[in-house]
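Student: I have a model open and would like to go through it with you. Can we take it piece by piece?
Tutor: Go ahead.

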Amino acid sequence: MDGLAHQIIAGIATGGIYASVALALVMIYQATHHINFAQGEMATLSTFIAWYLVTEGVPYWLAFFATIGISFVIGALIERILLRPVQNAPPLTHVGVFIGLLLIIGNATGWIFGYTTKVFPTPFVSDRPLMGGLVSAHELGTTAVTLVVLMLIFVFFRYTKLGLGMRAAAYNPRSARLVGINVGMMLALGWGLAAAVGAIAGMMVAPVVFLDPTMMLGILLYAFAGALLGGIDNPGGAVLGGFAVGVLENLAGAYVVGTELKLTVALIIIISVLLVRPAGLFGRVVLSRV
Amino acid sequence: MSSATGLPEGVAAAPVPVAEAGTPAWQRLLLVAGGVILALAPLWLLESFHLFQLTMAVIMALAVLGLNIVTGYNGQISLGHGAFFAVGAYCTAILMSHFDWSFWWTLPVSAAVCATVGFGIGFPALRLAGHYLALTTFALAVAVPQLLKHKAVEDWTGGVQGLFLVKPDPPAFLPVTPDQWIYLVVVSIAAVLFFLTWNLIRGRIGRALMATRDHPTAAEAMGMDIASLKTKAFAVSALVTGIAGSLSAVAIEFVAPDSFTIFVSITLFVGMVAGGVASILGSLFGGLFVLFVPNIAESISKAAPGVIYGIILIGLLFVMPDGFAGLLRRLTARLRRGGTS
């Protein structure tokens, strides 16, 4: 029984990471109806930046916040430079640009920081076992950080004027522009925020999976599965979906398929959701009028 | 009116494209003869390694052609065609190494298996459009190496070690080396499939595919069965890419899970975009592009060829969205205008 409880708690901890990346995906999806294939690579790059800062002797939390800031700027710049010119192009062009980004960022990360696996520090250490040894300090800390991030984002979108502007720009760009919202600026901000959230997820997961340039590939897929499960147009649903996928993945890995088929679990979740309930658990069914 | 293009069923197969209407028969014959000579010349001109590279380029062109059917002509973005490529390669490899089949007999089996798998993937794909489909097929391609390595199928696929096979020997009456023979085989099969695809695309089905891509609602109102068209497009596309996989297995004489990572799918996608989306000729350019441009990228920067490659891809999307085929089309159009005026 202890084994099961441990698997579930570990699942919640990784689920928190999926939930963050899922949230980043949903944020970009809502604003632009794009799915950013390079999200994982961007997060890996951010994590490497944090690793570099830490190894250069910067205190962990300072490096943590500096990385979030740098990632925000990188995300916003990518939107400005690469996505803005093809705003009205067909989806194929966007997918092409994302694939190009994936290649560039993934390869540049390996080129700058090397392909060897690195150990990433965790700020959460504890001398004594927590909750009767069921949970590690890092798992607990990760979950806490994720929840704080999610809460901050919720408050930002729900209660600030900027958040309201971003939601308006995503919901109806034309009307938003008419009431004086700078829609282009909102899109760049959205990309920046998504990159920052991705960076946090990367820094939280790196101590567990170790840091190398392909670290986030699987995580992106789980996050996408979580986002679909919860409903890709519903941030709250995506977060819940992310947690659910984390637990499911851990349980399936421990009791059903073994670790070597874990990625396939993501594929199965994605396909089952699409076949059974394409809108996700909490998503809106979109009707289009013709 | 039996079909949406306004042509009765029987006539629909007749060649109607506007571009060729004015080309006289002798010019077409000349084009075909030129193509044959161009395809055979490397046999004598290139030595073994470069001939192998060219063989691989033709194989990639065929795989890109498969992707073009479903993504270019039918508008369903697939980032997972590497999966079909892998299925084709493993069909041939398993039949040849476990059952001692001759290479030729594995082709129809591989075609049938790939078409079935494609049909199976095409079905959930009906629920998806654009980016969703791209990411789902992406997930499929990521899962492939893991599935191939899994214990349940290890006896068949050879697990991480993969499978070795042997090139078919050239027939005794032809004075060619095995390398030259495989080049001939690949080029002939590719030529047949390119011709068949060209025929498919310019006929009624091709127009229906493009109509579904450009305006699904209007296409449906004209009486097209969109669901059936889309799943069949996936099946045909998987078949073509799968055959390319089969050919690659014998050309390389080796298959292993780690040669079928997500990057095969990405490569095919890049080839399609670079060559020209929804263009038969573009697929050929795409095959050459994905085989030779990475070498160029590597010669520019040894440390980070992927960066150069990615920059080339994004650059092409920005300045040449219709690929090399589009560039060629514009150039010939300009030449023709210049010639007649």
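Student: Where is B:Thr157 placed in chain B?
Tutor: B:Thr157 sits in helix H8 of chain B, residues 154–157. Keep in mind that this is a predicted model.

Student: Is B:Thr157 buried or exposed?
Tutor: B:Thr157 is buried, because its relative accessibility is 5% and the cut-off for buried is under 20%.

Student: What does the side chain of B:Thr157 reach?
Tutor: The side chain of B:Thr157 comes to 2.8 Å from the backbone oxygen of B:Leu148.

Student: And which residues is B:Thr157 in contact with, leaving aside its neighbours within four places in sequence?
Tutor: B:Tyr90, B:Ile94, B:Leu148, B:Gly162 and B:Leu163.

Student: What does B:Lys149 form a salt bridge with?
Tutor: B:Lys149 pairs with B:Asp258, and their closest N and O atoms are 3.2 Å apart. The two residues are 109 places apart and belong to distant parts of the chain: B:Lys149 is in helix H7, and B:Asp258 is in the loop between strand S2 (254–255) and H13.

Student: How accessible is B:Lys149, and how accessible is B:Asp258?
Tutor: B:Lys149 has 30% relative accessibility and counts as partly exposed. B:Asp258 is partly exposed too, with a relative accessible area of 47%.

Student: Which residues are linked with B:Lys167 in a network of salt bridges?
Tutor: B:Asp179 and B:Glu253 are linked with B:Lys167 in that network. The side chains of B:Asp179 and B:Lys167 meet at 2.8 Å, N to O. For B:Glu253 and B:Lys167 the N to O distance is 3.9 Å.

Student: Which parts of the chain does the pair of B:Glu253 and B:Lys167 tie together?
Tutor: B:Glu253 is in the loop between helix H12 (226–252) and S2, and B:Lys167 is in the loop between S1 and H9, so the pair ties together parts 86 residues apart in sequence.

Student: Which residues of chain B lose the most area to chain A?
Tutor: B:His131, B:Tyr132 and B:Leu135, which together make up 19% of what that side buries.

Student: How many salt bridges and polar contacts are there between chain B and chain A?
Tutor: The salt bridge count between them is 0. There are 2 residue pairs in polar contact across the interface, both at pLDDT 80 or more.

Student: How many residues are in the largest nonpolar core?
Tutor: The largest nonpolar core has 198 residues. Those with the most contacts inside the core are A:Phe37, A:Phe224, B:Leu62, B:Phe138, B:Phe260 and B:Phe269.

Student: What does B:Leu62 touch?
Tutor: Not counting residues up to four places away in sequence, B:Leu62 touches B:Ala190, B:Leu193, B:Phe194, B:Val240, B:Ile243, B:Ala244 and B:Leu247.

Student: Last topic, backbone angles. What is phi of B:Asp100?
Tutor: B:Asp100 has a positive phi of about 55 degrees although it is not a glycine. B:Asp100 is in the loop between helix H5 (81–99) and helix H6 (103–125) of chain B, and it counts as exposed at 66% relative accessibility.

Student: And what about phi of B:Ala278?
Tutor: Phi of B:Ala278 is positive as well, near 55 degrees, in a residue other than glycine. B:Ala278 lies in the loop between H13 and helix H14 (280–300) of chain B, and at 24% relative accessibility it counts as partly exposed.

Methods:
Residues numbered from 1 in each chain as written. Chains lettered and ligands numbered in written order. Predicted model: local features only at pLDDT ≥ 70, side-chain atom pairs only at ≥ 80, totals over all residues. Heavy atoms only, no water. Buried area = accessible area lost by both parts, 1.4 Å probe. Salt bridge = Lys/Arg side-chain N within 4 Å of Asp/Glu carboxyl O. Polar contact = N/O pair within 3.5 Å; in protein donor to acceptor, adjacent residues only side chain to side chain. Core = buried A, V, L, I, M, F, W, Y, C linked by side-chain atoms within 4.5 Å. Buried < 20%, exposed > 50% of the residue type's maximum accessible area, 1.4 Å probe, protein only. Contact = heavy atoms within 4.5 Å. Helix = DSSP H or I, 4+ residues; strand = E, 2+ residues; numbered from the N terminus.
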